[in-house]
Amino acid sequence: MGISRPEFEYLRKFMREGSAIVLDEDKQYLAESRLAPLLIPEGFPSVQKLLERMRGGSSSPLHRKVLDAMTNNETWFYRDLAPYDALRTEILPQIIKRREVERRLNIWSAASSSGQEAYSLSMLLLEHFPGLSSWKVQILATDISNAVLERAKRACYSKMEVNRGLPIHLLAKYFTRSGLEWQLSERVRSMVTFRLMNLAESWPDIGSIDVLMLRNVLIYFDVDMKRQILARVERVLSKDGVLFLGCAETTLNLSDRFERVQYGAVFCYRLCR
């Protein structure tokens, strides 16, 4: 039994109001595939019946689970690699030099999903910038999904996940085998703070950010929400900080407050001076 048009329109409205994510009209198949794993645990014979129950009631744990399930949690260690090379060779050395007096570094992994991006940043610092051990370093990782944040905090990954982008020498150095999974070391985990956050809502005080990883996030929002988010980025990004977007994302026609800068094979954004 497929999803009826009224139920799908309800889901689209629910996602837009709850997360500002725009679910296209032709994405019924996506809803079916992402909500199917909830059917047996929640006791529903079909996605249609699940949505009927949601539509007939007020906010509940089921609503939260549906929002979590519909959120795209695609991620992997050292995703695309080029941003990490740019951070290692040019961006972080420059920022660190300018922060020698205050000895502070703030990095934010927005929409961090199950933690691979934030932990990749943590391993990058441990491997290449040992002098930061005496600094105040914060890697903040945020996501809209409670479920993936809890999984990120556990930092236990499957063989497929550690084989996807993670260099073998880092697997050997920072992970230990735990049954069928690989457990990340406390040394790496302790550098990351996880926090529930909806980017489409008002942002809490997170301080001044030196490196902001907002990759493959804006593509899920409409133009107005993209502009709102970039305006908020402008307020939290340090004057010499850098913003990373996904390969298919840009600030063009959304904000005139950012300039695009190229480091090797990757582009990032700085506030216009």
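A polar contact is a pair of N or O atoms within 3.5 Å, where, within protein, one must be able to donate a hydrogen and the other to accept it, and residues adjacent in sequence count only if both atoms are side-chain atoms. At the start of helix 8, a side-chain oxygen of Ser145 comes to within 3.4 Å of the backbone nitrogen of Ala147. The model is predicted, with local features needing pLDDT of at least 70 and side-chain atom pairs counting only at pLDDT 80 or more, while totals for chains, interfaces and linings use all residues. Residues are numbered from 1 along each chain as its sequence is written, and side-chain values use heavy atoms, with hydrogens and water left out.

**Helix 8**
- Helices (H or I, at least four residues) and strands (E, at least two) are DSSP runs, numbered from the N terminus.
- In helix 8 (residues 146-154), the buried residues (under 20% relative accessible area, with exposed over 50% and partly exposed in between; 1.4 Å probe, protein chains only) are Val148, Leu149 and Ala152.
- These residues lie on the same side of helix 8, because they cover an arc (that of the directions from the helix axis to the C-beta atoms) of only 105° around the axis.
- Ala147 also lies in helix 8, and with a relative accessible area of 45% Ala147 is partly exposed.
- After helix 8 comes Ala155, whose phi is positive, near 55°.

**Ser238**
- Ser238, found in strand 8 (residues 237-245), counts as buried at 6% relative accessibility.
- The side chains of Ser238 and Asp210 are joined by a polar contact of 3.3 Å.
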